[in-house]
Amino acid sequence: MSQDQTPSDAERRTDTESLLTGRIPRQAALTIVFLGLFAVEPVAAQDNAVCSADNLPSMIEGFFQLTTALGIVGLAIVWQADSLIEMFTLNPEQKKGLKRHKRSAMKSAVVLVVLGPLYTVAGSMMGLPLATCVDLVPW
């Protein structure tokens with residue numbers, strides 16, 4: 001009795017999937033590298049277009065301050081709403097979900113508040129051109 005040496009459908013599918021999963025990320029990475037080399041070149045050649053604009057740095061600062069303030073107000077609203085709902089919830093699983101939601105909202109607000117000053121400090125240390133003319137500290 002001789003066994004058939006042809007691969008089964010599942011083996012062929014696995015081989016095809018492994019070829020595709022290896023080929024597609026490689027092509028995407030190469031595309032990004034080539035676009036980064038050729039398409040970004042004219043933008044990099046400009047002499048800090050954001051800082052040379054008249055009102056653009058102050059508009060960016062104002063937008064960042066506004067979104068940070070709205071994020072903090074949103075955190076307060078979510079926190080209070082979750083606390084109110086938690087008082088009327090009897091199910092322990094729902095209470096755990098609400099606590100998890102409150103923790104997630106707090107993490108988002110902390111990231112929102114820390115991101116601007118971190119970019120301002122790190123950007124000025126690294127010599128990023130946007131960090132020299134735009135102050136993203138929300139207070």
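Student: Which residues in α4 and α5 meet?

Tutor: From α4, the residues taking part include F64, I72, L75 and W79, while those from α5 include L98, M106, L112 and G116.

Student: At what angle do the axes of α4 and α5 cross?

Tutor: Helix α4 covers residues 56-87 and helix α5 covers residues 92-126, and their axes, which come within 10 Å, cross at roughly 165°. Angles over 145 degrees count as roughly antiparallel, and α4 and α5 are therefore roughly antiparallel to each other.

Student: How many helices and strands does the chain have?

Tutor: There are 6 helices and 0 strands, so that reading along the sequence gives the pattern α-α-α-α-α-α. Of the chain's 139 residues, 14% count as buried, and among contacts between residues at least 6 apart in sequence, 51% join residues at least 24 apart.

Student: Is G116 buried or exposed?

Tutor: G116, which lies in helix α5, has a relative accessible area of 1% and is therefore buried. Not counting residues up to four places away in sequence, G116 touches F64 and L136. The C-alpha atoms of G116 and V137 are separated by 5.3 Å, although these residues are 21 residues apart along the chain.

Student: What is T120 in contact with, leaving aside its neighbours within four places in sequence?

Tutor: T120, also placed in helix α5, is in contact with A131, D135, L136 and V137 once those neighbours are left aside. T120 counts as buried because its relative accessibility is 13%, and the cut-off for buried is under 20%.

Student: Where in the chain is confidence lowest, and where is it highest?

Tutor: The general idea is that where pLDDT is low, the predicted coordinates should not be read in detail. In this chain, confidence is lowest in helix α2, residues 41-45, with a mean of 49, and highest in α4, with a mean of 89. For the chain, the mean pLDDT is 77, and 68% of the residues reach 70 or more.

Methods. Residues are numbered from 1 along each chain as its sequence is written. This is a predicted model: local features need pLDDT of at least 70, side-chain atom pairs count only at pLDDT 80 or more; totals for chains, interfaces and linings use all residues. Side-chain values use heavy atoms; hydrogens and water are left out. Axes are lines fitted to C-alpha atoms, for helices over the stretch in contact, and angles run from 0 to 180 degrees between N-to-C directions. Helices (H or I, at least four residues) and strands (E, at least two) are DSSP runs, numbered from the N terminus. Angles under 35 degrees count as roughly parallel, over 145 as roughly antiparallel, 65 to 115 as roughly perpendicular and the rest as oblique. Contact means heavy atoms within 4.5 Å. pLDDT is the predictor's confidence in each residue, from 0 to 100. Buried means under 20% relative accessible area, exposed over 50%, partly exposed in between (1.4 Å probe, protein chains only).
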